[in-house]
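Please look at the structure below before reading the points.

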Amino acid sequence: MAEPARPVARVQEPAQGVVRPDVGEQAPPRSAWWRFGGRSVGLRPRLTLVSTVVVALVSALLLWLGWLLVGGVARAVPSLPPGTTVRVGDVAVPAEQLQDAVGAAARADVLRAGLIAFPLLVVAAAVVSWVLVGRVLGPLHAVTATARRLTVESLDTRTGVRDARGEVAELAAGFDAMLDRLQAAFDAQRRFVANASHELRTPLSVLRTEVDVTLADPAADVTELRRMAEVVRQATRRADELIAGLLLLARTEGAELADVRPVDLAALAGPALTAVRADVAARGLRVQVRTAPAPTRGDPVLLERVAGNLLENAVRHNVTGGWVDVCTGVRDGFAELRVTSSGPMIPAERVPELFEPFRRGPVERTADTPGSGLGLSIVRAVVQAHGGIVRGEPVSGGGLTVTVRLPAG
């Protein structure tokens, strides 16, 4: 006789994206002492409850100690001759039971007074704790409310906490300072995006205009086409320089250095001067180079870009027949590269602006103006990534001095 078919157990596989916990694995239990009705209890009720419980325990302890002390004092009552009667309250007590009667009566009075004072004291402690904790946590609620109201468009909002003291005041001040830094960072980002969009739109507009005008002219000859090609090449070169500068700036700002090795800033001055030699000759500039060993550690490619940008700016923003002075060396434990050049007058208060993206100084910008306004901002980003400092100073009579200081290797 054939055996009956056994049912085949089928295990249903979990759906994709669903994680099945291992057998015996349980979620860790959540602490529920601070939750009520599924919602967490605030800090003010918790602190009030803790302080009230502490006051209640201390009061109960004091009441118990008072009860014991009263009993001890009653036992110290002097004894009377046997057979006499003493009235304790409304009760006549034999002399032999005087100590016990006085102790019981005193303890009853203590308990009676304590049972009246105890709840009043606990209620008073709860009310006082609630008020004081509320005053202490008020600035924290202001900080929390400010954080909840914050958006990208309302970063100028501040907590407005003025009467706080101690750590709470420090917290509010630190939160406001953080908002100041965030607002400055967002404003700088907006300016950068707007300027980058404008700078990229300019060469694209030139390209589109030149192509449209040339194609619209049915009589355009080879000369016209060559002129259009020259304009397109210049606009393409400008867009390429701008994109390369933006990529380099994004790569160096807040990034870790990938290649760190010994570098001598004096060795970087030569290639940088060679790259601008044609422009130097065209403008008739006098170049003076005073190089001394300036060893440091960093990314050779980025540091070479620093020297190149400083020399390019010194030549491009110079005057015809001007001068350029390049100096390297070690000073106060820092490897130093200093580039000084003649040029137009620059107010001292405007020098820090030159290190912001797309700032070109007092030179009027034209379609033939070289550069993208990112040179000094790239210099600042690279120097900061190497743990150094860069500063600019106007030259008396016109021009600019830019000094780069890096930790000596």
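The numbered points below take the helix, then the cavity.

1. This is a predicted model, in which local features need pLDDT of at least 70, side-chain atom pairs count only at pLDDT 80 or more, and totals for chains, interfaces and linings use all residues. Residues are numbered from 1 along each chain as its sequence is written, and side-chain values use heavy atoms, with hydrogens and water left out.

2. Helix α5 covers residues 265-275; helices are DSSP runs of H or I with at least four residues, and strands are runs of E with at least two, numbered from the N terminus. In α5, L265, A266, L268, A269, A272 and L273 are buried (under 20% relative accessible area; exposed is over 50% and partly exposed in between, with a 1.4 Å probe and protein chains only). Seen down the axis of α5, these buried residues fall within an arc of 145°, so they line one face of the helix (the arc is that of the directions from the helix axis to the C-beta atoms). The face turned away from the buried side carries the exposed residues A267, T274 and A275.

3. The largest cavity holds about 40 Å³ of space. A cavity is a set of points on a 1 Å grid over the protein atoms alone where a 1.4 Å probe fits but cannot get out, and lining residues have an atom within 4 Å of a point. Grid points are joined across faces, edges and corners, and the volume is the space filled by probe spheres set on the points.

4. Among the residues lining the largest cavity are L265, L268 and V306. The elements giving two or more residues to this lining are α5, α7 (300-316) and β11 (400-407). Helix α7 gives the most, with three residues.

Technical notes:
1 Å grid on protein atoms, 1.4 Å probe; cavity = no way out; pocket = protein on both sides within 12 Å on 5 of 7 lines; lining within 4 Å.
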